[in-house]
Amino acid sequence: MSSEDGRARIVLALRKAGVTDASVLNAIETIPREVFMSAGFEGRAWEDAALPIECGQTISQPYVVGIMTAALELTGREKVLEIGTGSGYQTAILSKLARRVFTLERYRTLLRLAQSRHEGLKLTNIVSKCSDGGLGWPDQGPFDRIIFTCAAPVRPDALLAQLAPGGILVAPVGAGAVQELLRYRLREDGVFEEEALMDVRFVPLLPGVAREA
């Protein structure tokens, strides 16, 4: 199956599964997921499944990427912070839908691979750094949108503090094997609204920067 056929098949499957945002589906169809796979898994890039990548991490299931991206309600004008660059696939999707994407990764190996992939795809609105994602990126805040691609054990107050008024944060929250995907909105009066979207399974958010890898 060609890359184009594979991406078209994923988009059709996501639409049937309830991902209906046309801009999100277009971004998923535009970005070649096989570029972000670890060696030996390229042939499985078009499966709607989470798959292993380097450093014991995973590339998210396209359905979950679609749901989380749509939940951000991007219009193309936003400044987005991503916690957990991973393979760089979610970052690439965001880059097609936002004005600028700032992304943090604790594993240098993953960050270097993601940067190389983004350069190869000529994605020029991504700024990345090896850092502790749990601290966010206060020097670059506030952000219009924040997304976690790893599970925060509890409500991520340090990151909520970096949201701009009217902003949205989407994150898996919970310390168990299954987490709750939550969407937080910061109202103009400073009050946070919390909405549960679905149950998900993500690798945990870990503190600090990895000593190796």
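**Exercise 1. Work out the handedness of the unit made by S4, H5 and S5.**

Step 1. S4, H5 and S5 form a β-α-β unit. Helices here are DSSP runs of H or I with at least four residues, strands are DSSP runs of E with at least two, and both are numbered from the N terminus.

Step 2. Look at the two strands: S4 covers residues 100–105, runs parallel to S5 and is joined to S5 by 5 bridges. (Strands count as paired if DSSP finds at least two bridges between them.) Across this pair, Phe102 sits opposite Val127 of S5.

Step 3. Contact means heavy atoms within 4.5 Å; axes are lines fitted to C-alpha atoms, for helices over the stretch in contact, and angles run from 0 to 180 degrees between N-to-C directions.

Step 4. The unit turns out right-handed: with the strands pointing away from the viewer, the path from the first strand over the helix to the second runs clockwise.

A word on what you're looking at: this is a predicted model, where local features need pLDDT of at least 70, side-chain atom pairs count only at pLDDT 80 or more, and totals for chains, interfaces and linings use all residues. Residues are numbered from 1 along each chain as its sequence is written, and side-chain values use heavy atoms, leaving out hydrogens and water.

**Exercise 2. Sort the buried and exposed residues of H1.**

Step 1. H1 spans residues 3–17, and its 15 residues reach 21 Å from first C-alpha to last, close to the 21 Å expected. (The expected span is 1.5 Å times one less than the number of residues.)

Step 2. Ser3, Gly6, Arg7, Ile10, Val11 and Leu14 are buried in H1. They lie on the same side of H1, because they cover an arc of only 135 degrees around the axis, taken from the directions from the helix axis to the C-beta atoms.

Step 3. Glu4 and Lys16 are exposed, on the face turned away from the buried side of H1. Buried means under 20% relative accessible area, exposed over 50%, and partly exposed in between (1.4 Å probe, protein chains only).

Step 4. What do the buried residues of H1 pack against? Their partners are H2 (22–30) and H3 (62–71).

**Exercise 3. Track down some backbone details in the loops.**

Step 1. Gly141 and Pro142 are joined by a cis peptide bond, with omega about 0 degrees. Pro142 lies in the loop between S5 and S6.

Step 2. Cys55 isn't a glycine, yet has a positive phi near 65 degrees. Cys55 sits between S1 (51–52) and S2 (58–59).
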